[in-house]
Amino acid sequence: MGSHEEENRSEQPLLNPDEEESAYERTEKVHIIGLDEPETEEDTTKTPPFSWKKLWLFTGPGFLMSIAFLDPGNLEGDLQAGAIAGYSLLWLLFWATAMGLLVQLLSARLGVATGRHLAELCRDEYPKWARMLLWVMAELALIGADIQEVIGSAIAIKILSNGFLPLWAGVVITALDCFIFLFLENYGVRKLEALFAVLIAVMAFSFAWMFGETKPSGVELLLGILVPKLSSRTIKQAVGVVGCIIMPHNVFLHSALVQSRDVDKRKIGRVREALNYYSIESAVALAVSFMINLFVTTVFAKSFYGTDKADSIGLVNAGQYLQEKYGGGLLPILYIWAIGLLAAGQSSTITGTYAGQFIMGGFLHMPLKKWQRALITRSCAIIPTLIVALIFDTSEDSLDVLNEWLNILQSVQIPFALIPLLCLVSKEELMGVFKINPILKVISWLVATLVIIINGYLLLDFFSSEVSGAVFTSAVFAFTAAYVAFIIYLVLRNIPFFQNKRITDAVS
């Protein structure tokens, strides 16, 4: 796109202020230094020089987003990958995190350039039946993730209470984090971000301590990152590593979080500046999340790879297995593991509540206060989680089976966050000069296709082993046909031929 065209576009705001719809009230946003500085007409396309102080002010949304890379579901995927595949899948963890970063940067780009988040834009982009279906899919994915996160916290609470508090009690305690969230949100978004920084630091300290205690091999760790290796025995763990990195609700969440900073969307230079700072802080946040996931994977690779326990390890028994291998001491490894797991569960359930507000508010445009949406979202997740905790409290095997079903539930939803994101961020009439370029568009669609295919393999493998009986098989076949048809519909809407046909049909 030529510079003359870019200058012409800069004369018009990316978003009409009168039509602006924002995830945050203006009084809630973080004021960025220099926002009110007088600017001449030729300055509107110029990106201000780099400032460490501004980077600090923009830091926050990326770390909230990175929590989804560290939730209990991810930690279980890490420990199982380490126990079954050893160090051999560390390269895949690295590249999966890189793919996750690309997706989240596109989500941030959409939110900053348009001033609206993905759920709001989907509401305007798609007909009512399609947007309602997308909303249901997003809510199901969020509930599935929330159940895993709350159960992870409840397991940690059970360990830390020496079994005194059962799973259902841990679920109730975790549910109260909604009120912590509501309390902190009243004091500003920076207070909430500070809470997440503390929880990430707790995770980093806990799992780094475990790393130092177990002393994994540095040489094998480096080889695992640098040398791609995959075998038929580890394919399921490989699929799990990639599949749990991209969380559907997180794609919606990040496009809303970036609006917590007061950016003048009428000035291209200011928008570009915000995107640069968000790119830096998101990359740093996911680098931290990669290191934490690396610690967990290598600890369990060192401790259980090649042992009889490798195939049976999960969140429920992981701490006990570590305790049996490494014993007690001044700081028993069982409790260090539980503290890290509790921080992961608590932080991810709060971000789930946050994401639920934006998803419900965006798709349905409901005139509810934030605390009302938060309570509705929390109730949708806590009620099924309590039922799960009461039923599966004494059965580790049943919890593992449930976890597999929840992973499948979230895998099914991934296309319905990725495809709308890529379609919207490619639209020139929506994004203006911030529309992704052809090379980035090709790379993004390749990444999305790879993620969808990998999760499709996970679905195929799961249903081929679990589905039996003519009625159940027929139901799964019918669901699969409708599922694929909806994906094709979402993709075809973005192809110029079909876009022109819709316009022609509407005129006629």
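A residue counts as buried when its relative accessible area is under 20%, and as exposed when that value is over 50%; between the two it is partly exposed. These terms are applied below to a predicted model.

The protein chain has 508 residues, and 55% of them are buried. Its secondary structure consists of 23 helices and zero strands. Of the contacts with a separation of 6 or more, 85% join residues 24 or more positions apart. The accessible surface of the chain is about 21,900 Å². Carbon and sulfur atoms account for 66% of that surface.

Salt bridges were examined next. Side chains of opposite charge can pair when their charged atoms come close. The count in this model is 12 salt bridges. One of them joins aspartate 264 and arginine 266, at 3.0 Å from N to O. The two partners differ in cover. Aspartate 264 has 13% relative accessibility and therefore counts as buried. Arginine 266 is partly exposed, because its relative accessibility is 44%.

A second salt bridge pairs arginine 493 with glutamate 125, at 3.6 Å from N to O. This pair links distant parts of the chain, 368 residues apart. Arginine 493 lies in the loop between α22 (470-492) and α23 (496-507). Glutamate 125 belongs to helix α6 (residues 118-125). Both arginine 493 and glutamate 125 are buried.

Glutamate 429 and lysine 427 also meet in a salt bridge, with an N to O distance of 3.9 Å. Glutamate 429 is exposed, because its relative accessibility reaches 65%. Lysine 427 is buried, with a relative accessible area of 15%. Salt bridges with shared partners join Glu125, Lys427, Glu429 and Arg493 into one network.

Aromatic side chains were searched across the whole structure, and 19 aromatic pairs were found. Among them is the pair of phenylalanine 300 and tryptophan 337. Their ring centres are 5.6 Å apart. The planes stand at 70 degrees, an edge-to-face arrangement. Phenylalanine 300 is in helix α14 (residues 268-304) and tryptophan 337 in helix α16 (residues 333-364), so the pair ties together parts that are 37 residues apart in sequence. Phenylalanine 300 is buried, at a relative accessible area of 0%. Tryptophan 337 also counts as buried, because its relative accessibility is 0%. Elsewhere, ring pairs connect Trp129, Phe416, Phe479, Tyr483, Phe486 and Tyr489 into a cluster.

Charged side chains also sit over aromatic rings. Arginine 190 lies over the face of tryptophan 56, at 5.3 Å from the ring centre. Lysine 309 places its charged end over the ring of tyrosine 321, at 4.7 Å from the centre.

Valine 227 is located in the loop between α11 (218-226) and α12 (235-243). Its relative accessibility is 39%, so valine 227 counts as partly exposed.

Isoleucine 387 lies in helix α17 (residues 370-392). With 46% relative accessibility, isoleucine 387 is therefore partly exposed. Isoleucine 387 and tryptophan 168 are 219 residues apart in sequence. In space, their C-alpha atoms are 8.3 Å apart.

Notes:
Residues numbered from 1 in each chain as written. Predicted model: local features only at pLDDT ≥ 70, side-chain atom pairs only at ≥ 80, totals over all residues. Heavy atoms only, no water. Helix = DSSP H or I, 4+ residues; strand = E, 2+ residues; numbered from the N terminus. Buried < 20%, exposed > 50% of the residue type's maximum accessible area, 1.4 Å probe, protein only. Contact = heavy atoms within 4.5 Å. Areas by Shrake-Rupley, 256 points an atom, 1.4 Å probe, with all protein chains shown as cover. Salt bridge = Lys/Arg side-chain N within 4 Å of Asp/Glu carboxyl O. Phe/Tyr/Trp six-rings, centres within 6.5 Å; stacked < 30°, edge-to-face > 60°. Lys NZ or Arg CZ within 6 Å of the ring centre and 35° of its normal.
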